Amino acid sequence: MENKLAKKAFAAVYEPNDGFVWSNQTTYFSSSKDESYEDIVRECRFFYKTDPIVSTVINKLVEIGITPIEIDVSDLSPNETKIFTAKLNEIHKFLRECALEYLITGMVIPEIVFEPISKEEIKSIGIKKYNKIYLPTSMWVRNSEHIKIKTTFFGADKPLYLIRVPQELVSFIKSGGVYLDGTKDEKGFNWLVQFFPTFVEQVKKGNVEIPLDNQLIVRRIFLSD
C-alpha cells in the first residue's frame with residue numbers, strides 16, 4: 001500500500017480559508033482500485049501531511065517552479081504598467097496554490113472573478129487617468145475532494161466534472177446566508193448569487209451534484225479505468 005500511495009501522493013496540500021465552502025478533514029486512509037477520486041485525494045493529502053520528506057520535496061518543487069512574475073513593460077504606458085503590476089503579488093501566491101493543488105490531486109480548477117475596482121483603489125495604485133478598471137478581485141482553487149469525475153460515452157479524454165456540494169454549503173444557500181452555527185453572512189451569500197447564480201439556483205432546487213462549467217480545468221495524464 002505504501003508504494004501505491006507514494007505514486008499518488010507526490011503532492012502538497014492547499015486548503016483555502018473559505019471554510020464553509022472548502023473545509024477538509026482527513027483522519028484515515030485506505031487504498032483500493034474501486035475507490036473514488038475523492039478517496040484518492042484524501043489519501044494523497046494524508047500522505048503529504050504525515051511524511052516530512054514528501055512535504056519537503058514538494059514544497060521545494062513549488063518554490064523552484066513558481067518564481068516571481070516579471071512583466072515586459074517596454075511597450076506599456078506608465079498607467080498600463082501600474083495596472084499590470086497591481087496584482088502581481090496576489091497572482092504569484094495564486095499560482096503557488098495552483099501548483100500545490102496540481103501536485104497533490106493531479107487536477108487544478110481555478111476560479112477567478114473580475115470586478116471593477118473603486119476610484120479610491122484606482123488612485124491607491126497611482127493611476128489618475130481611468131475611472132473604472134476591471135481587475136481580479138477573487139482568485140481561488142476548488143477543493144478537489146468536492147469534484148466527482150464521470151467518464152462519458154465520448155471516452156476518458158472527455159470526462160464530466162461534477163461539483164459535489166457540501167452539506168454546509170447547501171444549508172448556507174437554502175437559508176439565505178446563514179451558517180450552521182446561526183451566524184448570518186449576507187455579503188458572502190450575495191457574492192455567490194452575483195457570480196454563481198446558476199449554481200445557487202441548482203442548489204435551491206435540491207441538486208447536490210452539479211455539472212462544472214469551467215474551461216480552465218487542468219488535469220494530469222490519467223488512465224481510462
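**A charge, some rings and the fold**

Reader: Over the ring of which residue does the charged end of Arg-220 sit?
Author: This is a predicted model, in which local features need pLDDT of at least 70, side-chain atom pairs count only at pLDDT 80 or more, and totals for chains, interfaces and linings use all residues. Residues are numbered from 1 along each chain as its sequence is written, and side-chain values use heavy atoms, with hydrogens and water left out. A charge sits over a ring if NZ of Lys or CZ of Arg is within 6 Å of the ring centre and within 35 degrees of the ring normal. The charged end of Arg-220 lies 5.6 Å from the centre of the ring it sits over, that of Tyr-102.

Reader: Where in the chain is confidence lowest?
Author: Confidence is given as pLDDT, the predictor's score for each residue from 0 to 100. The chain averages 80, and 80% of the residues score at least 70. Helix 8 (residues 167-174) has the highest mean, 95, while the lowest mean, 36, belongs to helix 2 (residues 19-22).

Reader: How many contacts does the stretch of residues 1-32 have beyond near neighbours in sequence?
Author: The pLDDT is below 50 over residues 1-32. Where pLDDT is low, the predicted coordinates should not be read in detail. With contact meaning heavy atoms within 4.5 Å, the count for this stretch in the model is 78.

Reader: How many helices and strands does the chain have?
Author: Both are DSSP runs numbered from the N terminus: helices are H or I with at least four residues, strands are E with at least two. The secondary structure of the chain comes to 10 helices and 7 strands.

Reader: Why are Trp-191 and Phe-195 separated by about one helical turn?
Author: Trp-191 is partly exposed at a relative accessible area of 24%, and Phe-195 is partly exposed at 24%; the term covers values between buried (under 20%) and exposed (over 50%), with a 1.4 Å probe and protein chains only. The separation is about one helical turn because the two residues lie in helix 9 (residues 186-195), at a spacing of 4 residues.

Reader: Which residues form the aromatic cluster?
Author: Trp-191 and Phe-195 belong to one aromatic cluster. Its members are Trp-140, Trp-191, Phe-195 and Phe-196.

Reader: Is Phe-172 buried or exposed, and what is its relative accessibility?
Author: Phe-172 is placed in helix 8. Its C-alpha atom is 7.9 Å from that of Phe-189, 17 residues apart along the chain. Phe-172 counts as buried, at a relative accessibility of 0%.

Reader: How far does helix 3 reach from its first C-alpha to its last?
Author: Helix 3 (residues 37-50) has 14 residues. The expected span is 1.5 Å times one less than the number of residues, which gives 20 Å here, and the helix is close to that, reaching 20 Å.

Reader: What is the relative accessibility of Cys-44?
Author: The buried residues of helix 3 include Val-41, Cys-44 and Phe-47. Cys-44 counts as buried because its relative accessibility is 2%.

Key:
Phe/Tyr/Trp six-rings, centres within 6.5 Å; stacked < 30°, edge-to-face > 60°.
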